[in-house]
Amino acid sequence: MPVTRGFQIEEILSQDDRGVVFEALETATGRRVLLTRFFPAGTAGGGFPEAARRRFEECVAVLRDVAHPGLRGVVGGGCDPADGIPYIAAEWLDGRTLAHVLGGNVLAADDARGVLARALEVSGLISDALGADDLWVGTDLAALVVAGGGRGVVFPVAERKCAGVAGGSERLEPLAALAEDLLGWRGRLVGAQAGGGLGGWIKWLRAHPEASIRQAREALAATGGQEAPAAGPGLGTAAGRHEPPLGARPARSGARAWLAAAAAVAVVAAGGWYGMKMAARRQAEAANRLAAAERLVAEAPLPARSPRDPPAVRPSVERNGIARRSPALPLAGEPAPLPPRAKPDLPAPDGVFDPRQRPQILERFHKEVTIEGVLARVRLSANRRIWYLEFSTANPPDQARAFLYVNDGARTITPADLEPLVGKRIRLRGRVDSEHINKVRQPKLILHGWDAVRLFE
């Protein structure tokens, strides 16, 4: 395997127009790391010029000394001497992404507030270390990990900011987008008082994108009726900003509280109770899944990989994740299967794609889709952590394929589970990602566990 300045590349985990993510080994210690090479100017551009390279490497050197339970620790980094492409190596975490844990559900306002507060706390700590006040963590749900050992939600470093590549002008906008994703508000109009004032906080962030980390933390604390955090490390005061918080709403007066209560009663009387009940149920489900994920990771962390170690096998639970149904009987809540002679260039009927429809699937990048076809083979990744479900025996694959974790957080998926599916028509549900095969971007489907697989007789 290739070696990049102290790190041996083991396997590609994902790749898109922004960069490539690898599983790697630190050659000096043998420990596993997550190594990200990112493209400062896109796939067609090169690496950093000399000045930006020095700035990036200085930033990485400082980040190596920053520690926080909510931060994916930086192990090393620099620029590849061969092409100047920057990379960061971060600690390997055994856990599930927050996107996987939520599974389309939303968090309760207090839980979302806790995640947002942690993002600001970690950013404040990094701001103090670097002497530059900014949002220094990534906010994509697919990059946030729910880790064990009491760590909870862990944020990665926003590596592109280390050399001022992106994010300087938008500053806190990604945090507003994260809040909307956690609460299920993306693309919706919400009032200032929604989520206990989080709706107003999001509006304030967008109106004041240059606000300091301290200001954002104080305004967030005000929405939960909490006192502002005391001065100290992690408040993002390195840039010398000590202004009072902007946009924090005062407590309601008695008259305003009475009017709000009357309005709530009117909504309930009009039938709004049903929507409130369903929202509460979704939030409770998300909170339960988040807690369950933390317990699973804490109680059963995966062992360090050894090339000679066989995959861990746990007692198999009931083989229910596959429901045997007739093609004439579609799965509950899902569209009917593809007709037997569907052509790959035709639009996907009812949202179900044929794995040959690679361009159409790529158009749904980072969205949930369903694909259906005859499974040609299953293969295990080199690190024995991922199953490849492929609809073609061609090398390299000429159809979209699916990635399924050997341990999906609830059970271990064994060859005995998958081999009976080969040659059968199956349906898979997951999030669209991409990989580069022979320098061509191809779609792949990230499955959210065994329940994402369905068999059609």
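This report describes aromatic ring pairs and charges placed over rings in a predicted model. Local features need pLDDT of at least 70 and side-chain atom pairs count only at pLDDT 80 or more, whereas totals for chains, interfaces and linings use all residues. Residues are numbered from 1 along each chain as its sequence is written, and side-chain values use heavy atoms, with hydrogens and water left out.

Rings of Phe, Tyr and Trp (its six-membered ring) are taken as a pair if their centres lie within 6.5 Å, and the planes count as stacked when under 30 degrees apart, as edge-to-face when over 60 and as tilted for the rest. The count by this rule is 3 aromatic pairs. One of them is the edge-to-face pair of Phe7 and Tyr87, with 6.4 Å centre to centre and 75° between the planes. Because Phe7 belongs to strand β2 (residues 7-16) and Tyr87 to strand β6 (residues 86-91), this pair ties together parts that are 80 residues apart in sequence; helices (H or I, at least four residues) and strands (E, at least two) are DSSP runs, numbered from the N terminus.

Buried here means under 20% relative accessible area, exposed over 50% and partly exposed in between (1.4 Å probe, protein chains only). Phe7 counts as buried at 5% relative accessibility, and Tyr87 is buried at 2%.

A charge sits over a ring if NZ of Lys or CZ of Arg is within 6 Å of the ring centre and within 35 degrees of the ring normal.

| Charged residue | Ring | Distance to ring centre |
|---|---|---|
| Arg441 | Phe365 | 4.6 Å |
| Lys444 | Phe403 | 4.4 Å |
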